[in-house]
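Subject: Structure handover

Hello,

Here is the structure I said I would pass on. Please open it alongside these notes.

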Amino acid sequence: MKTFFTKHVGTSAIGVRYLSTLPTIKIECIKLNTITKHANTIKKNLDQHGFVIFDGLWCEKTQLLDIAPYFGLIQGNKNTDKNGITVVSSRTDGFDSTIPGVYSNMNFSPHTDGAYLDGLREENGIIKKVISPKLTLLKCLQSSDSGGETMLIDGKKSLLKAINEYPDIVPALFRHDSIYLSYEDILTMNQALFRMKPNGKLRLHYSYDNGFIIANWAKKAIDLFNKKCLDITYSFKLKKGQILVVDNHRMLHARTAFKGQRILQRIWIQDDFVNEALFERAMPKNRTYFSHRDKQRNALSAYRRYGALSSHKKPYPLDLDSGIYLSDHEKKELTNILFHNQKLDSIINLTHI
Ligand SMILES: [Fe+2]
């Protein structure tokens with residue numbers, strides 16, 4: 001069992017110079033529970049870097065589905081099979097593309113997974129919150145011939161850059177009427193780029209694509225954030241057998257276009273806070289016209305595929321936290337920008353519709 005850092009130097013396909021030290025944990029012992037022996041190192045790497053890569057015989061031999069329960073509950077989505085696996089690949093000959101997945105060899109721009117998720121779903125009469133997954137796990141089954149580099153952008157660094165160099169854009173990153181995110185039949189209202197989590201950390205939602213709808217008043221600020229604050233922190237090519245674990249509430253990920261066959265498996269890990277959020281329908285005793293329950297159920301059906309697909313009980317052997325941690329000093333700076341430098345109407349969203 002070894003923990004070490006690999007050095008990776010080069011120029012990415014999109015022309016960005018990178019020099020990164022990748023937090024890598026090499027595990028040669030093939031016993032599944034050896035992962036728990038690395039719990040502290042995994043936590044430390046996620047806190048420090050926002051991600052960790054597993055390398056060695058252990059991850060070559062380990063199925064993603066077998067290790068997911070160590071991280072938390074598997075969260076489903078529209079592109080998963082019944083177990084929660086999503087294939088991320090191109091549609092190339094010899095691969096069964098009827099398996100649920102994301103099929104493309106084009107580049108993916110920087111995003112957090114499930115940025116568009118902020119809703120409710122109903123399961124056996126119980127209403128539950130749906131938000132973006134806290135962790136994204138990716139296992140490389142086959143590396144591409146050329147291209148297909150993974151890029152990671154630290155959302156914490158992006159936010160601190162905005163605070164220090166572009167303070168005027170910061171309110172637009174926190175307001176709940178600046179962006180709306182859509183994906184297929186889902187439209188999330190009142191999302192914000194950064195939101196506060198119950199653990200005091202911040203949760204980032206980002207996906208600058210056709211589903212990302214920006215209010216006109218915030219367009220300039222968010223375009224500037226996109227152009228100036230998303231510096232690629234790490235760029236590397238996942239090797240066959242490696243497993244990447246990313247804090248999806250802190251890190252943006254992207255990838256370059258590729259040629260040849262590149263096959264990854266992906267699993268989302270649900271944020272534990274969704275199980276602590278409680279909801280109940282108002283159920284008046286005298287039935288009224290507006291309370292036909294079956295009709296009301298349709299409103300929550302868009303999110304029905306995004307619930308937990310496993311049900312083991314906490315604590316998971318790796319009880320991992322997610323999100324952007326700010327020091328007291330950083331919080332103070334942010335608070336100053338959001339509350340002291342702004343007019344009241346822009347804080348409480350009165351003027352901009
Ligand atoms: Fe993604």
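Phe51, Ile53 and Asp55 point one way from strand 3, while Val52 and Phe54 point the other way. All of them are buried. Buried means 20 or more other C-beta atoms within 10 Å of the residue's own; exposed means 12 or fewer, partly exposed is in between, and C-beta atoms are placed from the backbone. Five of the five residues of strand 3 (residues 51-55) are buried, so this strand is largely enclosed by the rest of the structure. Strand 3 runs antiparallel to strand 19 (residues 243-247), and four bridges join them. Phenylalanine 54 has isoleucine 243 of strand 19 as its bridge partner.

Before you go further: this is a predicted model, in which local features need pLDDT of at least 70 and side-chain atom pairs count only at pLDDT 80 or more, while totals for chains, interfaces and linings use all residues. Residues are numbered from 1 along each chain as its sequence is written.

Confidence and overall make-up

The average pLDDT (the predictor's confidence in each residue, from 0 to 100) is 85 for the protein, and 87% of the residues score at least 70. Over residues 1-20 the pLDDT is below 50. That stretch still has 39 contacts in the model beyond near neighbours in sequence. A contact needs the C-beta atoms of two residues, placed from the backbone, to lie within 7 Å. Where pLDDT is low, the predicted coordinates should not be read in detail.

The protein has 10 helices and 22 strands. These are DSSP runs, numbered from the N terminus: helices are H or I with at least four residues, strands are E with at least two. Of the 353 residues, 38% count as buried. Among contacts with a separation of 6 or more, 78% are between residues 24 or more positions apart.

Two strands pair if DSSP finds at least two bridges between them.

Strand 12 (residues 150-154) and strand 20 (residues 251-255) run antiparallel and are joined by five bridges. Aspartate 154 has methionine 251 of strand 20 as its bridge partner.

Three bridges pair strand 13 and strand 17 in the antiparallel sense. Leucine 181 has phenylalanine 212 of strand 17 as its bridge partner.

Two non-glycine residues here have positive phi. Glutamate 184 has a phi of about 50 degrees and sits in the loop between strand 13 and strand 14 (186-191). Glutamate 184 counts as exposed because it has 9 C-beta neighbours inside 10 Å. Asparagine 190 has a phi near 55 degrees and lies in strand 14. With 13 C-beta neighbours inside 10 Å, asparagine 190 counts as partly exposed.

Alanine 192 is in the loop between strand 14 and strand 15 (194-196). Leaving aside neighbours within four places in sequence, its contacts are Phe174, Arg175, His176, Ser178 and Ile179.

Helix 7

Ala218, Ala221, Ile222, Phe225 and Cys229 are buried in helix 7. They cover an arc of only 95 degrees around the axis, which puts them on the same side of helix 7. The arc is that of the directions from the helix axis to the C-beta atoms. Their cover includes helix 5 (155-165), helix 6 (170-174), strand 13 (179-183) and strand 17 (212-214). Exposed residues Asn216, Lys219 and Lys227 are on the face turned away from the buried side.

Best wishes
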